[in-house]
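Hi everyone, thanks for having me. I'll walk you through one structure today, so please have a look at it while I talk.

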Amino acid sequence: MAAAILPRASMWPPGANETDTVLGGVHFNVTTLNFFNYTFYEGNQTISNWSRCYLVDQPYTPPLLLNNGTFVNSTWCYLATEPSGPRAHIGIAVGVAFALLLIPVLLNLTRHGKLYLPATKRFYPIGRRWQWYWAILICATALIGLFTGIDVDRYRVVELPLVLNVFFWYLMNMCSLALVWEAVRHWGSWMERQFIDPNPFVLQQTDKRGTFEFWLPLFFYLWWWLDFFLVIPRNWGSVELQRSPEQTILKAKPAATEIRFKIAPFLLLVSWLTILVSLWHSIRHYEARNRGLVNRAIGFLQYIPFRFMLMIPLALVVIFYQALAAWEFDWSPLKKDTNLVAMYVGGYAPALLLVIILCASGFMRPNEDKEIIRQRRERGAEIDRELGITQRPAWWRRIRGDIGTGDAMKDQLYKNVREVRGNPRMQEISEQREQRATDEEAAHATTNIEMSSLHRSPSLASSTAPPPYDTSGRIRNDRTVQVAASLLFPNAANPARPPPPPSATEATERGRGDTEQRGNMDRSSSTASGVSLTGPPQQIRSMLDV
């Protein structure tokens, strides 16, 4: 690639004779230089034959030119041989600022991205993290662009560092717009989540509001991606052609101000207007409405979070400077010797301030899941007050040993262990209850013994006390039998009580009668009838009597 296209007063500087020239104090053969098509460029002190380029000023002057056109101990043009300039110094300072911002960005990502409630399909956890992802991308693209921009001043012949610098600058601008969009969009999602948390069915996802919220992000990223394809995929080699004033005017300036660069800011402007529409939609549906045009305008401004009052204008500044760079090449970062104040104030300061504002507001806001838990607790306390329910004090659970660890399964295991043997207080209470039950059973047994001795005759009185009778088991069994009987025989509302036990005389007579009857039954020779032999024979009148 040629170093430059420069007008020259003479083809070669004069030397000792017509076939000699002096470059950097060293004599070279003009015939050999012309044979290999070398050209001297006085503006940047290089020689080039459109395939090779060498520096010829001191201390980079090659000491010898061979007959085959090879320079001995030569220095390639596309190396960082110059000292760093103000563009590099300011870029290092701004790059360090972006690098330091990565720490609070990651802290906020951990702070707001952590889940304390189960994830729901309506509110994905990644929705709250996207703004922090874009902040990380802003810092990454700024770091790459700024640190590669250090070599823009150090290259005597403009090369790849300038292209990398402006390439990542355009990516940083797109990430800045995406950051503001995700911050505003997620704020609306957060307002919706708080709005429907008391009643999830108050807003449907299939209504006009839900449909609008579904298509609005797609509309934003449509224009965002159109801007990407207009700016990024291109031949960036034309931007490098700034190796002389004439070449800059003829090659680099038309390439940096072409129609695609001029259309791209208008696409970003449509995306910026979409951000305003999203903000208006969220306030309209999730905040209290005011009557009257003036009151609505005042209420709209009052409901906007303060961070958006700063971030949305900064996003507009990003678009404005990109448009300015597309029309004024002298203010554009694509120019090597550009206006550094305009470049860093209009090109990098807005993105830096966007990340700072986002991080500061992130530290001031709580985690959304924790805020939802707090709101639910407040609503529960308010409902308890309305119902007259009084919450027990904190020491109540400590006395009962019901202190939780946050894990439901672990708390249940601890509770079971404490009930068995783990809690001394519970064990003491259990022992007291067992001792009290034992004393009551002993007293009840003694009472039964005393009452039974009053009704017994001396001959039947026993010197040994009977064991205590457990009435609780009998009562429980009787109740069970009664319930089962009522289910099996619903019509038997008042079942007959069993007859009382017979007296001793009745039992003796009944026993004697049963013996006689069994004797008569044993003497019967009939195996099909229970009639006695002394009775009259059975008369069969018809087949029906059989």
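How many cavities of 30 Å³ or more does the count come to? The count comes to 1 cavity. Before I go on, keep in mind that this is a predicted model. The largest cavity has a volume of about 40 Å³. Who lines it? The lining is made up of Leu115, Leu117, Pro118, Ala119, Thr120, Phe123, Pro125, Arg128, Arg193 and Asp369. Sort those residues by type and you get 6 nonpolar, 1 polar and 3 charged.

Okay, on to a pair of helices. Find helix α5, residues 160-196, and helix α6, residues 208-231. They pack at an angle of about 175 degrees, and their axes are 11 Å apart. Angles over 145 degrees count as roughly antiparallel, so that is what we call α5 and α6.

Which residues meet there? On the α5 side we have, among them, Tyr170, Leu171, Met174, Leu177 and Trp181. On the α6 side you'll find residues including Leu216, Pro217, Phe220, Tyr221 and Trp224. The residues of this contact between α5 and α6 divide into 13 nonpolar, no polar and 6 charged.

Pro59 sits in the loop between β5 (53-55) and β6 (64-65).

Next, Trp50: this residue isn't a glycine, yet its phi is positive, at about 75 degrees. You can find Trp50 in the loop between β4 (46-48) and β5. Asn73 isn't a glycine either, and has a positive phi of about 55 degrees. Its place is the loop between β7 (71-72) and α2 (86-113).

Is Asn73 buried or exposed? We call a residue exposed when its relative accessible area is over 50%. Asn73 comes out at 62%, so it's exposed.

Let's finish with Leu143, in helix α3, residues 125-148. The cut-off for buried is under 20%, and Leu143 has a relative accessible area of 17%, so this one is buried. What does Leu143 touch, leaving aside its neighbours within four places in sequence? Its contacts are Gly95, Phe98, Ala99 and Leu102. Take Phe98: Leu143 and Phe98 are 45 residues apart in sequence, but C-alpha to C-alpha they are 6.7 Å apart in space.

Key: Residues numbered from 1 in each chain as written. Predicted model: local features only at pLDDT ≥ 70, side-chain atom pairs only at ≥ 80, totals over all residues. Heavy atoms only, no water. 1 Å grid on protein atoms, 1.4 Å probe; cavity = no way out; pocket = protein on both sides within 12 Å on 5 of 7 lines; lining within 4 Å. Points joined across faces, edges and corners; volume = space filled by probe spheres on them. Nonpolar A, V, L, I, M, F, W, Y, C, P; charged D, E, K, R; others polar. Axes fitted to C-alpha atoms, helices over the stretch in contact; angles between N-to-C directions. Helix = DSSP H or I, 4+ residues; strand = E, 2+ residues; numbered from the N terminus. Parallel < 35°, antiparallel > 145°, perpendicular 65-115°, else oblique. Contact = heavy atoms within 4.5 Å. Buried < 20%, exposed > 50% of the residue type's maximum accessible area, 1.4 Å probe, protein only.
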